[in-house]
Amino acid sequence: MHGHLLLKVAAVVLLSGVLPAMGQSAEGSRSSDALTLGQHPSGSAARLPGGAEPGSISLWFARRSGAADQVLFVYGKQEPGRARGLWLAREDTLCFYFWGWPDDLHVKIPGRISANRWHHVVGTYDGTVARLYFDGKLAGGVKTKLDTAADGVFHLRRNLKDDGRTFDGLLDNVEVHRHVLSDDEIRRRHAEELAARAPVDFPALADRCPVEEIVFAVRQADPDGHWYANFGYDIIRPDRKYYHDGGRLCRLNLKTGEVKTLIDDPTGGVRDPQLHYDGRKILFSYRKGGQPYYHLHEIDVDGTGMRRLTDGPYDDFEPAYLPDGGIVFCSSRCDRWVPCYFTQVAVLYRCDADGGNIRQLSANTEQENTPWVLPDGRILYQRWEYVDRSQIGYHHLWTMNPDGTGQMIYFGNQHPNTVMIDAKPIPNTDRVVASFAPGHGRNEHEGVITIVDPGKGPDAGEMARPVSRGGFFRDPYPLAQDLFLVAQECSILLMDRQGNRETVFELPAEWRVGRMKVHEPRPVRPQPRERTIAPRTDLAQATGRIVIENVHHGRNMAGVEPGDIKKLLVLEILPKPYNMFSGMEPLSYGGTFLLERVLGTVPVDPDGSAYVELPAMRPLFFVALDENDVAVKRMQSFLTLQPGETMSCVGCHEQRVETPRSGKSLSAVRRPPSRIAPIPDTPDVFDFPRDIQPILDRHCVGCHDYEVTSRGGPMAGGIILSGDRGPMFSHSFYTLTVSAQFSDGRNLRKSNYPPRSLGSAASPLLRKLDGSHFDAKLSEHERAMVRLWIDSGAAYPGTYAAMGTGTIGHYANGLDRRDLQWPSIKAAQAVLGRRCGGCHQGPMSLPNSPSDNRGLVPWAEGAMNRLALPESQRNYPAFRFNRHLLYNLSRPEQSLQLLAPLAKEAGGFGICRAKDAGVSKDGDIRPVFATSEDPDYQTLRQAIADAKKHLDEIKRFDMPGFRPRGEYIREMQRYGILPDSHGVDDPIDVYEVDRAYWQSTWHKPPEDP
């Protein structure tokens, strides 16, 4: 035996046998060199089994309790079949692996691999079969062909790349042989050494815990899977609350196990405790029993002196103390709803220590969560955003100063599909620990505990290392560099950097009512204040300023030459006063979720610099324009300036770790900042039927209608650009979308596009209207209208009041399919099956009613992603045979469902021919409907006419007498935009109401006394 085996933490390894170690190459020598965690000893590649030659790996290991998914030893190359290694895959599974292909040899160990004991594992390869032995016995084998790369580098305790699978137990006698160890030899080696290997006494994590007491919250979690669905009410069902009764604030002594309940409210809720710097006060969010809102409270650590800090009809939660004496927190005071869900938005606010002087710090239209102070004084938080990109991809770590200035990405914004939340600095390091939830997040911030090192900048995804294994955890709190408090369901645990964990508390059985869980464990101890950052705001100002060094510089700017960019188009993302469902309809078909307001343009100097004055506290973004006002590069994020703030950036989408490149004075700053120049005679919020359709009527519909005109038609090129209404959109809007006539980013998990690949520069529609397409030439004003509509997101309605109403088959609490109950629709379904079903099957199937989406959810991916391709998708079956085009609810007789199967002689298009109707005398296959007098034709027409009648009654946003949903009225009343006396059926100008709502969210400097 070797003396190092008694060491409990150092985790040293002895290399023995024929394995060259630490530069040694003499075969058969034994090394006594100690290798600590993560070292890569090098040796002679000539002495290692490589390619397909036979060989063996053997070692002894002892694992900690809970340890799994850890690599013991490997050598070779990061290519399929070119490595050989041993991997502790799970607590009951070992693997002889070859870098993922051919199939690795996974072997399940009956029972499981005992912790705190030594085990012998051997992998052999004879050129044909790989075998794995465990504790002297053959455990499994697989036929395979290897081509191992023997490069002389041996990876002990870790994988070929640093992927977090580091083994933190003990290894001994790691050997690599150039021959296949026999069954007898393996059995003998195991038997000879086993008796001398005593059980391993790994130290308990609790023995390393630097604190004696912690506080934590207990409350019921809502079953909703979204991380943010834990306050407020449902937009459609106000009685559906996302909070539940039952809350405690507790203090636990880790040494004695004693629990003291500071607050016990069976009908209330407690969340987000945080200790004051002096360790004697607890700041937390509390919903008192019988009340609907969470507010900030303070209490002494002994449970006395509770005091409320905030009040009002809002939810205030996730607070943190600031080094300047204030408090940062999240609040629903911003009066907006999640643009793709049924719940309210909360963004960052701050207040004084007593709850006074509440001020909004963020203008985000989406959720922000879990603010925490970094050692340098900045606030680290999770920001969710989507500006013409995926609604479910971008929720990453950002920073701002305590006054809201300097908002900047911290980590992850180029890496979609992870919710990075609950991030906190690790003591005495430059790293943070966070919960990384996969995809679009999990209930109550559950995820993988992850350490983030920002040293290589925000885009270095490899600098995020997962720590936890075996399930999801939440609410990490770093007690030391290598020890974290975490919560999991009903337990509080200690976890180290290798993912080892120990339970320190579990909810008593009598507390486990409903979905009661433990949350937010925090240490009771004093801590130093972080650096204080002096305020840089002036609330008396209505604007801020931004300096851009050179808009031609940045990532992915190939082909953009100095001087190409002449202006910046300034746009504003507009918050939603309510929202009806998870998708974007009817704002767009697979595109934007939010309306975008055109503020105007600002100049760019010849040297690429710009100095701009912008309205404060608004979510703004830029589109870089060339000399023809066409988009060169487009932001897919937003910036916010605080009142009086001056911000600067190096370029357009530059690396965020870059410093200014020019030592010369920028020409733009030699004069006062440029103010936004409005674009004359154009709307600031575009409405397609009102603003774009008249242009199409004048220049396009003569050819692209359902009827023959003096200019051409019908349906020239298969394109319809008439403004006839379908069940949800106009036919022209739908056709332009599926025909790829504009480029808008769609709902894709993609950003930082190459120049001229988004917006007006990449939109064929704009090029077709320059006179080259059958003399369709727009005036300069008309061209500006179409261009600005595209560059502002190409939305269909210009009002949020359009959501969830005025359509057949809208989404509000699920797809509305009430038309299936109409007798005429039932009769039409029978006709479609009998007369059309012979050809229209599978992907070619027809919708069975105006509400039938045929499973094509517009905000999903799959087929909808085809609409992001630069070529037309109008002939793709899912879009060609789509309810949005087949039903004409303005002129039912002009519905494609009627025109396509009707004979040309009868006024139809004669596209569809009867499959079983026989052949006419002239050899033509007969049409489905030879005449419009066919009873089945009349049945279909009646169903469409009934749908039109229904639409005329419920009214779309662009129809006279339109009325929004009751939820819209209710929320506008709650915000004080509409009087309480306003009834659902009272006349209303929704465009003006929307505008009044948006203006109510703007920063207003205090008036002089």
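**Exercise 1.** In which sense do strand S6 and strand S7 pair, and over how many bridges?

*Solution.* The model is predicted: local features need pLDDT of at least 70, side-chain atom pairs count only at pLDDT 80 or more, and totals for chains, interfaces and linings use all residues. Residues are numbered from 1 along each chain as its sequence is written, and side-chain values use heavy atoms, with hydrogens and water left out.

Step 1. Strands are DSSP runs (E, at least two residues), numbered from the N terminus; two of them pair if DSSP finds at least two bridges between them.

Step 2. Strand S6 (residues 118-125) and strand S7 (residues 129-134) are joined by five bridges in the antiparallel sense. Val 122 stands opposite Tyr 133 in S7.

**Exercise 2.** Is strand S35 enclosed or open, and which strands pair with S35?

*Solution.* Step 1. Buried means under 20% relative accessible area, exposed over 50%, and partly exposed in between (1.4 Å probe, protein chains only). Six of the six residues of S35 (residues 543-548) are buried, so this strand is largely enclosed by the rest of the structure.

Step 1. With strand S38 (residues 610-615), S35 forms six bridges in the antiparallel sense; Val 612 in S38 is the bridge partner of Ile 546.

Step 2. With strand S41 (residues 646-649), S35 pairs in the parallel sense over four bridges, and Ile 548 stands opposite Cys 649 in S41.
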